[in-house]
Structure formats: C-alpha cells, structure tokens
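This report goes through some contacts between side chains and then turns to the pairing of strands. Please keep the sequence and the structure in view while reading.

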Amino acid sequence: MQPFKLQFNQLDFWQKPKILCLTTQRYDAQLTILVEALNQLVEQCGIHTEERPYKPHITLVRKAQKPVDINVLPIAWQVNSFCLIESCSTPNGVVYQVLQRWNFEG
C-alpha cells in the first residue's frame with residue numbers, strides 16, 4: 001500500500017456509544033482497500049467482523065451526553081502506517097497500547 005491522507009472535517013455525536021468524534025465523508029480509496037483486506041484476513045481467522053460500514057473517526061469525548069454545535073477546522077492526517085492497538089480500561093481512563101505497527105511503502 002501507498003501512504004495517503006485523510007481530512008477530518010465534521011464533528012459528530014454517536015448516540016449509542018455516547019461518543020463525540022471527528023469524521024470525514026470522503027477519503028482516499030487506499031483506506032477502503034486496507035479495511036477490506038483486514039476484514040478478509042480477520043474472517044479467515046474465524047473472527048466475525050462488524051457488518052455496519054466502516055467510518056473513519058477520531059474519538060474526542062467518551063461518555064458524551066449531547067451533541068455540540070461548534071465549527072471545527074479540518075485536520076489533515078498523513079497516513080504512513082497502521083497499528084494493532086489494545087484498548088485497556090484503567091481507574092484513570094482508557095489507555096491505548098500499540099501491539100504492532102505496519103508501515104506503508106512510499
């Protein structure tokens with residue numbers, strides 16, 4: 001895969017998980033290729049993947065109570081790699097630990 005860019009430019013509130021996040025409506029086809037390839041590999045391992053469409057996002061607030069109506073400036077994100085990350089709940093909040101990183105060609 002080749003490196004690519006994402007631009008997060010929309011503030012969303014996801015009611016069920018109570019998350020306030022930045023999202024993007026349009027993104028490079030390289031991301032779709034990566035997500036589909038990972039889904040195929042995971043399913044080959046006998047692990048069921050989610051059926052809802054993949055939505056790239058940046059979580060800003062967990063346990064959010066309501067949407068926030070503010071303008072956000074777009075955030076450009078250069079994607080040169082992807083990681084397998086473990087999410088660990090601690091008394092001080094969630095801690096993310098990188099277990100493995102894969103770099104793209106480029």
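## Salt bridges

A salt bridge is a side-chain nitrogen of Lys or Arg within 4 Å of a carboxyl oxygen of Asp or Glu. The model shown here is predicted. By this rule, Glu50 and Arg52 form a salt bridge through their side chains, with a distance of 2.3 Å from N to O. Glu50 counts as exposed, at 53% relative accessibility. Arg52 is exposed too, with a relative accessible area of 61%. Both residues are called exposed because that word applies over 50%.

The count of salt bridges comes to two. In the other, the side chains of Lys55 and Asp12 meet at 4.0 Å, N to O.

In general, side chains of opposite charge can pair when their charged atoms come close.

## Aromatic pairs

A pair of aromatic rings is described by the distance of the centres and the angle of the planes. How many aromatic pairs does the structure hold? There are four. One of them joins Phe8 and Trp77 edge-to-face, with 6.0 Å from centre to centre and 70° between the planes. The two residues come from distant parts of the chain: Phe8 is in strand 1 (residues 4-8) and Trp77 in strand 5 (residues 75-79), 69 residues apart. Phe8 is buried, with a relative accessible area of 3%. Trp77 is partly exposed, with a relative accessible area of 43%.

Phe82 and Trp102 form a pair that is stacked, with 5.1 Å from centre to centre and 20° between the planes. This pair also links distant parts of the chain, as Phe82 is in strand 6 (residues 81-90) and Trp102 in strand 7 (residues 93-103), 20 residues apart. Phe82 counts as partly exposed, at 22% relative accessibility. Trp102 likewise counts as partly exposed, at 37%. Phe82 and Trp102 belong to a cluster that ring pairs form with Phe4 and Phe104.

Which way do its residues point? Ile19, Cys21 and Thr23 point one way from strand 3, Leu20 and Leu22 point the other way, and all are buried. In a regular strand the side chains alternate between the two faces of the sheet.

Strand 3 runs antiparallel to strand 2, and five bridges join the two. In this pairing, Leu11 stands opposite Leu22 of strand 3. The hairpin of strand 2 and strand 3 has four residues between the strands, and in it Lys18 takes a positive phi near 55°.

Strand 3 is also joined to strand 4 by five bridges, and these two strands run antiparallel. Here the bridge partner of Leu20 is Val61, in strand 4.

Technical notes
Residues are numbered from 1 along each chain as its sequence is written. This is a predicted model: local features need pLDDT of at least 70, side-chain atom pairs count only at pLDDT 80 or more; totals for chains, interfaces and linings use all residues. Side-chain values use heavy atoms; hydrogens and water are left out. Buried means under 20% relative accessible area, exposed over 50%, partly exposed in between (1.4 Å probe, protein chains only). Rings of Phe, Tyr and Trp (its six-membered ring) pair if their centres lie within 6.5 Å; planes under 30 degrees apart count as stacked, over 60 as edge-to-face and the rest as tilted. Two strands pair if DSSP finds at least two bridges between them.
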